[in-house]
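Subject: Structure handover

Hi,

Here is the structure for you to open. My notes follow below it.

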Amino acid sequence: MPRYYTWNASSKNFQRRKRGDAVPGYPDVRSTDALGRMYTVQPKNDECFYLRLLLINVRGPTSFETLRTVNGVIFPTYRAACEELYLLENDTHWDTTIAEAIISASPSQIRTLFAIIM
């Protein structure tokens with residue numbers, strides 16, 4: 001749905017995209033690689049957190065197995081795939097996690113998240 005339509009908050013309905021790549025065979029239809037909505041996930045929920053990290057960084061996956069596939073090797077866990085892609089090499093994902101938590105979490109939840117990270 002987000003690939004072909006955008007949400008118009010003022011009229012509260014979906015409208016066809018005006019920008020993007022033309023879809024062959026369908027006049028006046030445009031498409032993009034847009035994500036609909038991506039919720040935050042606490043790092044305490046390990047596999048969901050690493051799955052979300054892969055969904056943000058891997059382009060064009062067709063299945064959960066292709067998300068875990070790096071250089072032709074299927075890894076047993078999402079964390080292992082993240083490590084192979086060097087997504088866990090630095091602390092930027094923790095900075096992003098805290099920045100997202102600041103938007104939607106209460107102060108006590110942010111403190112708990114910080115304690116988990118430490």
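Exposed means over 50% relative accessible area, buried under 20%, and partly exposed in between (1.4 Å probe, protein chains only). Helices (H or I, at least four residues) and strands (E, at least two) are DSSP runs, numbered from the N terminus.

This is a predicted model: local features need pLDDT of at least 70, side-chain atom pairs count only at pLDDT 80 or more, and totals for chains, interfaces and linings use all residues. Residues are numbered from 1 along each chain as its sequence is written, and side-chain values use heavy atoms, without hydrogens or water.

Back to the helix. His93, Thr97 and Ala101 are the buried residues of α4. They line one face of the helix, because they fall within an arc of 75° seen down its axis (the arc is that of the directions from the helix axis to the C-beta atoms). Their cover includes α1 and α5 (107-117); contact means heavy atoms within 4.5 Å.

Ile56 sits in α1 (residues 46-57). Its relative accessibility is 45%, so Ile56 counts as partly exposed.

Two loop residues have a positive phi. Most residues other than glycine have a negative phi. Lys12 has a phi of about 55°. Lys12 lies in the loop between β1 (5-8) and β2 (13-16) and is exposed, at 62% relative accessibility. Phi of Asn71 is near 55°. Asn71 is in the loop between β5 (69-70) and β6 (73-74) and is exposed, at 72%.

Best wishes
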